[in-house]
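Here is a short briefing on one protein model.

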Amino acid sequence: MTAKRGRPRNIETQNSILSSSYDLLLEKGFGAITVEKIAERAGVSKATIYKWWPNKSAVVMDGFLSAASARLPVPDTGSVFNDVLIHATNLVRFLTSREGKIITELIGEGQFDLGLAEAYRTRYFNPRRLEARDLLEQGAQRGELRENLDIELSIDLIYGPIFYRLLLTGEKLDDAYVQCLVTTAFEGIKSDVKEKRGCLQGE
């Protein structure tokens, strides 16, 4: 006898839970959120939330991502430089927006909450890194980048300084900085070393 499959997720209820968790994140901050408060805001039981998410961190991250995902489309211009520049610029614009600043809070909270740290790595940062890897791999396949390029190191080279400024130095993050950053990085990873681009901020 074939076992019955579990009931599919109730999309309306799920969306209500995600929306409620995101609203609470904006209003109260991660530390003040509880599963009880999410359930109360969404008009559901805690058991309903735990059917679909293992803990508070997971539902809060999914709520954040469901609201934020449309802000970070993956470009496809046919040029690896332009694709990475657009991708990195969109990322910085988001990270410095009201919604994006939540990421800074979540990273801080994640130093004390291993479940949250795992959630934002797997649900937010790993997908962004995969997008960057795909863009660079496509550029390498088109012959735009150096042969035998270390893709993972190149991602660190381009995107690492963004988070260094965001989380440590507090220095300005804007389109001009991203333009200079990506341009400088590409001087080392592009296949045509003769081609030069200017990179003076404020030009």
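Does Lys-190 count as buried or exposed? At 5% relative accessibility, Lys-190 counts as buried (buried is under 20% relative accessible area, exposed over 50%, partly exposed in between; 1.4 Å probe, protein chains only). This is a predicted model, in which local features need pLDDT of at least 70, side-chain atom pairs count only at pLDDT 80 or more, and totals for chains, interfaces and linings use all residues. Residues are numbered from 1 along each chain as its sequence is written, and side-chain values use heavy atoms, with hydrogens and water left out.

**Confidence**
- The mean pLDDT (the predictor's confidence in each residue, from 0 to 100) is 86, and 88% of residues reach 70 or more.
- Residues 1–8 have pLDDT below 50.

**Lys-190**
- Lys-190 is found in the segment after helix H9 (175–189); helices are DSSP runs of H or I with at least four residues, numbered from the N terminus.

**Salt bridges**
- The structure holds twelve salt bridges, each a side-chain nitrogen of Lys or Arg within 4 Å of a carboxyl oxygen of Asp or Glu.
- Glu-27 pairs with Arg-41, with the closest N and O atoms 2.9 Å apart.
- Glu-27 lies in helix H1 (residues 11–28) and Arg-41 in helix H2 (residues 35–42), so the pair ties together parts 14 residues apart in sequence.
- Glu-27 is partly exposed at 49%, as is Arg-41 at 38%.
- Glu-36 and Lys-46 form another salt bridge (3.1 Å, N to O), linking helix H2 to helix H3 (residues 46–52).

Conventions. Helices (H or I, at least four residues) and strands (E, at least two) are DSSP runs, numbered from the N terminus. Contact means heavy atoms within 4.5 Å.
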